[in-house]
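This report describes the backbone and the chain contacts of one structure. The sequence and the coordinates are shown first.

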There are 2 protein chains.
Amino acid sequence: MIKISLDVMGGDFGPDVVIPGAAKALDRHPDVNFILFGIESQCLPILAKYPKLKEKSVFHHCEVAVAMDEKPSQALRRGRYHSSMWRAIEAVKTGEADVAVSAGNTGALMAMAKFCLRTMANIERPAIAGIWPTLKGESVVLDIGATIGADSQQLLDFALMGGAMARALFEIERPTVGLLNVGVEEVKGLEEVKEAARMLREANLGTIEYYGFVEGDDLGKGTVDVVVTEGFTGNIALKAAEGTARQIAELLRNAMSRTLLSRIGYLLARSAFDRLREKLDPRKVNGGVFLGLNGIVIKSHGGTDAEGFAAAVDVGYDMVRNGLTEKIQNDLKKYHARRLPPVGPEAA
Amino acid sequence: MIKISLDVMGGDFGPDVVIPGAAKALDRHPDVNFILFGIESQCLPILAKYPKLKEKSVFHHCEVAVAMDEKPSQALRRGRYHSSMWRAIEAVKTGEADVAVSAGNTGALMAMAKFCLRTMANIERPAIAGIWPTLKGESVVLDIGATIGADSQQLLDFALMGGAMARALFEIERPTVGLLNVGVEEVKGLEEVKEAARMLREANLGTIEYYGFVEGDDLGKGTVDVVVTEGFTGNIALKAAEGTARQIAELLRNAMSRTLLSRIGYLLARSAFDRLREKLDPRKVNGGVFLGLNGIVIKSHGGTDAEGFAAAVDVGYDMVRNGLTEKIQNDLKKYHARRLPPVGPEAA
């Protein structure tokens with residue numbers, strides 16, 4: 001049994017999306033129990049429409065819902081201990097839940113998750129990892145927006161954590177990891193990226209295979225299983241790619257509806273278009289994973305629908321089932337054990 | 001008459017692409033005269049096949065061709081004064097040419113252009129500006145890879161220069177300018193980006209309209225005419241978007257060829273697909289413009305074909321015809337005149 005806590009008030013549509021989304025996820029994973037946090041008067045009438053979900057859930061009333069545009073510091077002040085967001089995270093801390101899922105505002109969610117769960121030993125900064133659809137399948141990309149900037153040690157931590165996530169998600173033994181850079185030649189790029197490359201080569205880790213530098217277009221190609229960068233660049237790359245996908249979809253739609261022939265062609269090729277749409281469906285890869293905390297928190301897109309929210313729950317489910325937190329902790333332990341100088345009489 | 005110098009040896013295919021490309025551009029712009037720099041034995045046999053181009057060109061033999069994988073410092077040492085790349089740039093310096101176009105390696109081209117043409121007064125760093133296809137038309141995006149990192153003053157310079165380019169390219173009076181950031185709220189983002197935002201608001205420039213922060217997905221939407229960022233992020237955003245476009249094109253191709261119905265549908269909707277392909281054709285927006293130097297240099301994609309190289313020549317042509325360098329110089333002068341405290345007896 002996997003226990004998932006939900007911030008029912010999170011996202012642009014709150015319970016209207018979260019509850020049907022949880023119901024969908026439950027259909028796929030009957031071994032899930034939910035712990036729901038939300039404002040009773042808004043949630044219970046909707047929950048009543050999903051008897052199966054209701055049966056597998058415990059509902060807790062919270063008085064505070066964090067707003068989508070609230071600043072992290074404000075959300076912390078106002079929503080700590082009392083908000084649905086906080087309590088969903090807290091359930092992970094107390095062990096009542098294995099993972100928390102929220103479609104609430106990213107900054108507030110990260111601030112609360114850090115405050116409540118704390119970062120893992122030896123990790124200075126958490127990261128948000130996203131699942132990027134590629135020509136070969138999927139890759140893990142991090143950081144897509146937890147923090148801005150990262151030094152070489154933090155980039156190495158991201159590589160370790162992203163590698164653990166790829167192992168949990170794709171069930172491969174030693175995922176390939178690339179550092180996002182502006183050129184493949186050794187001379188190019190930021191100092192901290194170059195230094196991280198040197199450290200990754202020297203560390204010669206058993207859990208990941210360091211591939212080298214990758215460029216922006218390697219993201220879509222799926223050149224590596226894990227792409228590591230700091231949060232500013234990662235967030236902009238992600239949104240630039242999402243924007244391009246939407247742009248092409250709109251151009252395609254316009255092109256296909258222009259003439260009678262193209263409309264007929266569209267109808268005949270309908271299944272092909274549906275297949276393509278499904279492959280590119282952003283809802284299917286919804287769910288940013290917070291890495292580096294003592295517990296798993298999944299961030300769903302705020303504007304997603306029930307299908308998208310269910311996908312975020314799926315991601316949380318997979319991460320728990322495949323022991324993400326333990327994988328990260330073990331990998332970090334292995335790395336730091338080798339890295340630290342021996343202690344005791346032998347060291348002298 | 002517009003005089004364009006070409007590095008005929010530049011790019012993955014050198015004269016095989018540059019000469020036919022120049023011929024195409026000449027068909028569109030009969031008022032162009034070319035100055036060609038290259039290795040005689042490789043260029044003249046190809047040039048002989050294009051009598052119209054030959055008639056409108058002067059050919060200069062150069063002994064050295066800069067390699068595509070040469071480091072900038074190495075290229076400068078080996079190719080200064082003698083290479084086709086250097087001499088194409090030098091022709092702009094001496095006034096023999098109005099603009100130089102090269103498909104050669106970006107790092108070497110920028111190093112030589114800086115060394116030969118020098119940066120404009122009050123400009124510390126040049127930038128490469130790209131033309132980004134959007135849902136509304138096109139936007140100017142800079143820096144897409146000239147240098148890594150930029151402080152607030154440099155970002156402001158980029159805004160001014162990008163604004164001048166947008167005026168030259170789109171013929172609008174006061175283009176809107178946005179700073180690329182990870183969130184639209186004032187609190188987010190890098191310190192230098194926030195500081196640049198403050199400076200742009202305070203400067204209240206007549207030549208551009210400062211819009212505010214934009215995010216990665218605003219690039220494809222065309223939210224603003226000019227998007228400003230530093231070269232690391234800009235390059236990765238550009239390549240992430242290019243990669244996504246290629247990825248979708250491949251998925252679409254696969255989807256359309258899977259079943260008989262979809263193949264028939266494809267044939268009927270052929271003209272729609274052709275229109276879409278044309279809209280997304282990366283060759284049509286080929287040509288990165290080096291901004292901030294005393295002269296215009298256009299970088300074409302190294303791997304492009306004749307059509308793509310011709311598009312880069314078109315960009316150079318437009319920049320000259322619309323007085324890009326003068327526009328930038330005037331805008332900079334206006335900004336700095338207002339910025340400096342008054343000098344002389346009135347100042348006391």
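B:R118 counts as partly exposed because its relative accessibility is 49% (buried is under 20% relative accessible area, exposed is over 50% and partly exposed lies in between, with a 1.4 Å probe and protein chains only). B:R118 is not a glycine, yet its phi is positive, near 65°. In chain B, B:R118 sits in the loop between helix 6 (106-117) and strand 5 (127-133); helices (H or I, at least four residues) and strands (E, at least two) are DSSP runs, numbered from the N terminus. In chain A, the non-glycine residue A:N122 has a positive phi of about 75°, and A:N122 belongs to the loop between helix 6 (106-117) and strand 5 (127-133) of chain A.

## Basis of the model

The model is predicted: local features need pLDDT of at least 70 and side-chain atom pairs count only at pLDDT 80 or more, while totals for chains, interfaces and linings use all residues. Residues are numbered from 1 along each chain as its sequence is written, chains are lettered from A and ligands numbered from 1 in the order in which they are written, and side-chain values use heavy atoms, with hydrogens and water left out.

## Cis peptide bonds

The peptide bond between A:L142 and A:D143 is cis, with omega about 0°. A:D143 is placed in the loop between strand 6 (138-142) and helix 7 (152-170) of chain A. In chain B, a cis bond with omega near -5° leads from B:L142 to B:D143.

## Strand 4 of chain A

Strand 4 (residues 99-102) of chain A is covered on both faces, with A:V99 and A:V101 buried on one side and A:A100 and A:S102 buried on the other. Strand 4 pairs in the parallel sense with strand 1 (residues 2-7) over 4 bridges; two strands pair if DSSP finds at least two bridges between them. A:V101 is the bridge partner of A:L6. Strand 4 is also joined by 4 bridges to strand 11 (residues 296-299), running parallel, where A:V297 is the bridge partner of A:A100.

## The contact between the chains

Chain B and chain A each contribute 50 residues to the contact (heavy atoms within 4.5 Å). Together they bury about 4,700 Å², 76% of it on carbon and sulfur atoms; buried area is the accessible area (1.4 Å probe) that two parts lose on being put together, summed over both.

There are 4 salt bridges between the chains (a side-chain nitrogen of Lys or Arg within 4 Å of a carboxyl oxygen of Asp or Glu). A salt bridge links the side chains of A:D217 and B:R246 at 3.3 Å, N to O.
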